[in-house]
Amino acid sequence: MRALFMALTALICSVTVTAQPIEVHVSDRATNQPTIAPEIYGQFAEHLGSCIYGGLWVGEDSEIPNEAGYRTDVLEALKALQVPVLRWPGGCFADEYHWRDGIGPKENRPRMVNSNWGGTVEDNSFGTHEFLNLCEKLGCEPYISGNVGSGSVEELAKWVEYMTAEDGPMAEERKKNGREKPWKVKYLGVGNESWGCGGSMRPEYYSDLYRRYATYCRNFDGNRLYKIASGASDYDFNWTEVLLKQIGHQMHGLSLHYYTVKGWQGSKGSATEFTTDDYYWTLGKALEIEPVIRRHIALMDSVDPEQRIGLLVDEWGTWFDVEPGTNPGHLYQQNTMRDAMVAALTFNVFHRYADRISMANIAQIANVLQSMVLTRGEEMVLTPTYHAFWLYRPHQGATYVPTQCSAPERKVTPTRSVPEVSVTASRDKEGKLHLSLVNPELEKEAKLVLSFDALQPKQVSGTMLQADAIDAYNDFGKNANRVGILPFKGAKITRTGIELTLPAASIVTLEIE
């Protein structure tokens, strides 16, 4: 298999330029364009494998450098990403989590078996205070996923009160546990995957449950909850349709889960050893999120034309087989340039629907599935997906700018295609234009000609993510920085716009003034 990718590397290094330049027009005069919600770049941390324990949290007494129990290296890496929102405690774990087990003195907290994910025994040392304090350290919004599957209305209602009330019995209990002032908690998920691990419910039954929970989860002392209904998986359009009809008037947001995965039975394929066909198939599956999103949005538009309800893709990303020798229930997988390509192409899709998509949360933040960081003892590495998120930071909170691209498409299955170049653009509050360009082709550079409605570029700079092979990844030891951010100096201002050549298998972000 390595021989195959040595050959691929040689192809990437000895590429041919596309015969005909690809034209990209940037409609920088377009008006009434949506803002790209910063929360589209959200993260997800579940009690799963070593995502929390060993990934984010090591405890105050650990020999691993930490700040009040949080890993210092991971904390600094996440601050650099400008994480806008963090979802916790699950996932499937959320509907087995009872929040009272995670408050009070740590020595008094009960242990629990994480039956969803490998039967791991946890000590509940990371609970409500630890999560919300982490969000404060990162400067991000907390997104609480509430227990509907095995919990009660009273339990979730009191959790909301404990976190957000200035006074009252729950506030007094919080104060005794060391937090005088309430936290601000905006996002509340009413259950998770209620059609599956969250209770195996029918949409009609869940809709009735949602009404009860939403009624009793109240706003306290200026805190305003944004209540999110547990939405569909992938292609379950009936679930969306029923919820919109039954509880559309009571929800602020509706979730959607979509994984780039080969199937739920048998092997999902290796994260690091794959063929060129596997590579293009994976990108095609990732891009199929667009017609899925489009159809869910069409259903939302039919009952909510004012777009009051937001669509939250609060679980997405690649899912491969676990790394050999690791616990199958811990979902630990490596992360290559292929994963970075999936992330960038998915961001470009999200931007196109920024008028409806109000949040997205990649699964997951550390050591699980398509993570930002991997840790082993005192060591930490940044993944290629981390670097893709870093490249796209300028789009957070910027105004979407439409683009038109003449790139042809590669047919990867009878129903799926991958564009030879994918482009997205936005304008930040300072007026700077940012373009992110993806060339997923393994064997071809792409010559681009950029034109604009009105802008006459005076200055252009760029950064790039590329590696020596599409299966390259960062690993502990001497290969910790094999994949990283590089300067991109290949853009040239012309009389009519900008010309550049995108290297094969690369992601580039330009800043244009």
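The model is predicted, so local features need pLDDT of at least 70 and side-chain atom pairs count only at pLDDT 80 or more, while totals for chains, interfaces and linings use all residues. Residues are numbered from 1 along each chain as its sequence is written, and side-chain values use heavy atoms, with hydrogens and water left out.

Eight strands close into it in the order 3-6-9-10-11-12-13-14, with parallel pairing. Helices (H or I, at least four residues) and strands (E, at least two) are DSSP runs, numbered from the N terminus. Two strands pair if DSSP finds at least two bridges between them. From one strand to the next, the twist averages 30 degrees. Strand 10 and strand 11 (residues 226-233) run parallel and are joined by four bridges. Valine 190 stands opposite alanine 229 in strand 11.

Next comes the disulfide (a pair of cysteine sulfur atoms within 2.5 Å). The structure holds one. It joins cysteine 92 to cysteine 197, with S to S at 2.1 Å. The pair links distant parts of the chain, 105 residues apart. Cysteine 92 sits in the loop between strand 6 (85-88) and strand 7 (112-114). Cysteine 197 sits in the loop between strand 10 (187-190) and helix 6 (203-216). The link of cysteine 92 and cysteine 197 is left-handed, with -90 degrees about the S-S bond.

Now take helix 4 (residues 153-164) and helix 5 (residues 169-176). Their axes come within 7 Å and cross at roughly 55 degrees. Axes are lines fitted to C-alpha atoms, for helices over the stretch in contact, and angles run from 0 to 180 degrees between N-to-C directions. Helix 4 and helix 5 are therefore oblique to each other. Angles under 35 degrees count as roughly parallel, over 145 as roughly antiparallel, 65 to 115 as roughly perpendicular and the rest as oblique. The crossing of helix 4 and helix 5 is right-handed: the near helix is turned clockwise from the far one by less than a right angle. In contact (heavy atoms within 4.5 Å), Lys158, Glu161, Tyr162, Met163 and Thr164 of helix 4 meet Pro169, Met170, Glu173 and Arg174 of helix 5. These residues divide into four nonpolar, one polar and four charged. Ala, Val, Leu, Ile, Met, Phe, Trp, Tyr, Cys and Pro count as nonpolar, Asp, Glu, Lys and Arg as charged, and the others, Gly among them, as polar.

Six strands form it in the order 17-21-22-28-24-25, with antiparallel pairing. Strand 17 (399-401) and strand 25 (484-488) are the edges, each pairing on one side only. Strand 21 (residues 422-427) and strand 22 (residues 433-439) pair over six bridges. Serine 422 stands opposite valine 438 in strand 22. Helix 10 (residues 337-352) packs on the sheet, touching strands 17, 21, 22, 24 and 28. Its direction makes about 130 degrees with that of strand 22. Helix 11 (residues 384-391) lies across strand 24, strand 25 and strand 28, at about 165 degrees to strand 24.

Helix 10 and helix 11 also pack on each other, at about 30 degrees, with axes 7 Å apart. That makes helix 10 roughly parallel to helix 11. Their crossing is right-handed. Met337, Asp339, Ala340, Ala343 and Phe347 of helix 10 make the contact with Pro384, Thr385, Ala388 and Phe389 of helix 11. By class, that contact has seven nonpolar, one polar and one charged residues.
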